[in-house]
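Visitor: I would like to learn how to read the aromatic and nonpolar features of a model. Please take them one at a time.

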Amino acid sequence: MDAFFGGLGGRGGVVVRQLPLSVTVLLVVVAAWVFYPETLADPRFRLALLAHTALLTLSVAVPWGRLPAKACAVIPVLDCVAIGFTREAGGSNFNVLSLLLVFPVIWLSVDRDRMGVVLAVAATILSAILPPAVFGTPPTQASMIRTIFMPLVMAAIAVTAHVVAGTLYRQRQTLVRKDEALADTAAESVRRQRLLDAVLSTVNVAVQVVDQDGQDVLTNKALQTDSALSRPAPPGSRPWLFEADRTTPVPPERFPAARAAAGETFTDELYWAGESWAAEGGAGQGGASQGRGMRAYSVTARTMGSGSGDRRGAVITFAEVTALIHALSAKDNFVATVSHELRTPLTSILGYLELVLDEPGHEDIEEELKIVQRNAHNLLGLVNDLIAIASERIELALQEADVAGLLAGVVASSSAKAAGSGVELVLDVEQPLTARVDPGRIRQLFGNLVSNAIKFSPHGGKVTAIARRADSHVVCSIADTGIGMDDQEQEQAFTKFFRAARSRETAIPGAGLGLPISKTIAEGHGGSISLSSAPGKGTTVTVSLPVS
């Protein structure tokens, strides 16, 4: 309708509004010719019909688009007058023609300007009083009733039409605004979709969006290049997604998409995609190429929720870390190789130092030799730590031992260091706490933790060592009142060679191996180690060891 009326222009709009009345007048003429032919012979009736014809011609001929917008209102006003003359000329048989006033009245009233209603009522009154005055018709009871009630009825119709038209216009404007807002939203959605597509096609991280049933909603090209990431292998085929050990196939229910669809969230979990080591090679000569075609991915998943809290799916990212894994492996191999090469001459140096110290005649440099011996022992300990951390596993000689006694021994041996740093060292243990452990490794673990606590505690600080039994575990905690760590530092605390920025700024000695080695020792015993800290409020490291 908008397109139709919008294409008519000013002239076409006037013609379309005039046509209903003109067609109805034509039907009246036909009816008069059939039922009252004598009426058509009346010159006054013919003049009235000629007026209607002239108004239609005027609607077509006048270029209304060039005139002021309200100029066309003259047509419905004259229509009312012409209807009055037609009705008056037709006599009592054509009194019903007063109903034709509805056409011009509605035309005038649907305008948003209230002046149209006033014109409609005025034109109706004019159609009731002007024709009798012109024709010299004496007033009758019927004409008086028509003169009074017809303007009232038409006024009611005019007001109703004006109100309804105004309501429809406002509703239409509201719909137009909503359509415009919807169009803007759709355009913004398209723009964002294009931006998202550009981002997803640019990044080299594979992205997969799944719904609550695990079905793909969105993937990027990086994911599509490796089908092993997003879906399980067909039944009977060779598995192509493996756990971090590169040999254990991932079952379908443990695929990242399935886990994410079930509502599980995880961060930086390692998966291997491709042919397994066992499928690519065997032992011996073939073992050198095992796993050559496999790719490592760090996988992260986050669930998506609706405004009502319902789960709507998940977003999964796959970052290929094959080169990083290989680089870390090469680094560990290098560290292990260099450490082994360093341990041999260090052991020899320590042996010869002991021989020199046992021989008489070196009393004048004995103190210097002991300093060399102590530093050589420290260096050998660091080398041993490097070897242990590079291999990520340790050899354990398990036996029944008193964990509380081991902790007490470490605290006693560290008391001199604590006193020299102005740190109070407190022991709180239950005696005894027997567990099946490697005493040497547990002493090393406690030594690392107590040493760290003393190093990072300021003068006047306090270090508390606690050991308790909790069900089938022995739980030990080392708490200090030192500089503490923020959340980001806590996440990396057990990473090899990591040192907090504050420790570097204050030149606190260390290689960043104490906590990683302690973690390796604890997990080697089947236990766990955790850390809680806050900047400026100290750190607490808790170790849980199974009794057996």
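Visitor: Is Phe-35 buried or exposed?

Guide: Buried means under 20% relative accessible area, exposed over 50%, and partly exposed in between, with a 1.4 Å probe and protein chains only. Phe-35 has 60% relative accessibility, so this residue counts as exposed. Phe-35 belongs to helix H2 (residues 9–35); helices are DSSP runs of H or I with at least four residues, numbered from the N terminus. This is a predicted model, in which local features need pLDDT of at least 70 and side-chain atom pairs count only at pLDDT 80 or more, while totals for chains, interfaces and linings use all residues. Residues are numbered from 1 along each chain as its sequence is written, and side-chain values use heavy atoms, leaving out hydrogens and water.

Visitor: Which residues form a nonpolar patch on the surface?

Guide: A patch takes residues with over 30% relative accessible area and no salt bridge, and nonpolar side chains (Val, Leu, Ile, Met, Phe, Trp, Tyr) are joined within 5 Å. A salt bridge is a side-chain nitrogen of Lys or Arg within 4 Å of a carboxyl oxygen of Asp or Glu. Here the patch consists of Leu-26, Val-30, Trp-33, Val-34, Phe-35 and Tyr-36, which together have about 660 Å² of accessible area, by the Shrake-Rupley method with a 1.4 Å probe.

Visitor: How many aromatic pairs are there?

Guide: A pair of aromatic rings is described by the distance of the centres and the angle of the planes. Rings of Phe, Tyr and Trp (its six-membered ring) pair if their centres lie within 6.5 Å; planes under 30 degrees apart are stacked, over 60 edge-to-face, and the rest tilted. The count is 3 aromatic pairs. Phe-45 and Phe-94 are a tilted pair, because their ring centres are 5.5 Å apart and their planes at 50°. Phe-45 is in helix H4 (residues 43–61) and Phe-94 in the loop between helix H5 (74–90) and helix H6 (102–109), so the pair ties together parts 49 residues apart in sequence. Both Phe-45 and Phe-94 are buried. Phe-85 and Phe-135 make an edge-to-face pair, at 5.4 Å centre to centre and 75° between the planes. Phe-85 lies in helix H5 and Phe-135 in helix H7 (residues 115–135), 50 residues apart.

Visitor: What lies over the face of Phe-135?

Guide: A charge sits over a ring if NZ of Lys or CZ of Arg is within 6 Å of the ring centre and within 35 degrees of the ring normal. Arg-44 lies over the face of Phe-135, 4.7 Å from the ring centre. Phe-135 itself is partly exposed, with 24% relative accessible area.

How values were computed:
Helix = DSSP H or I, 4+ residues; strand = E, 2+ residues; numbered from the N terminus. Patch = residues over 30% accessible without salt bridge, like charges linked within 9 Å, V, L, I, M, F, W, Y side chains within 5 Å.
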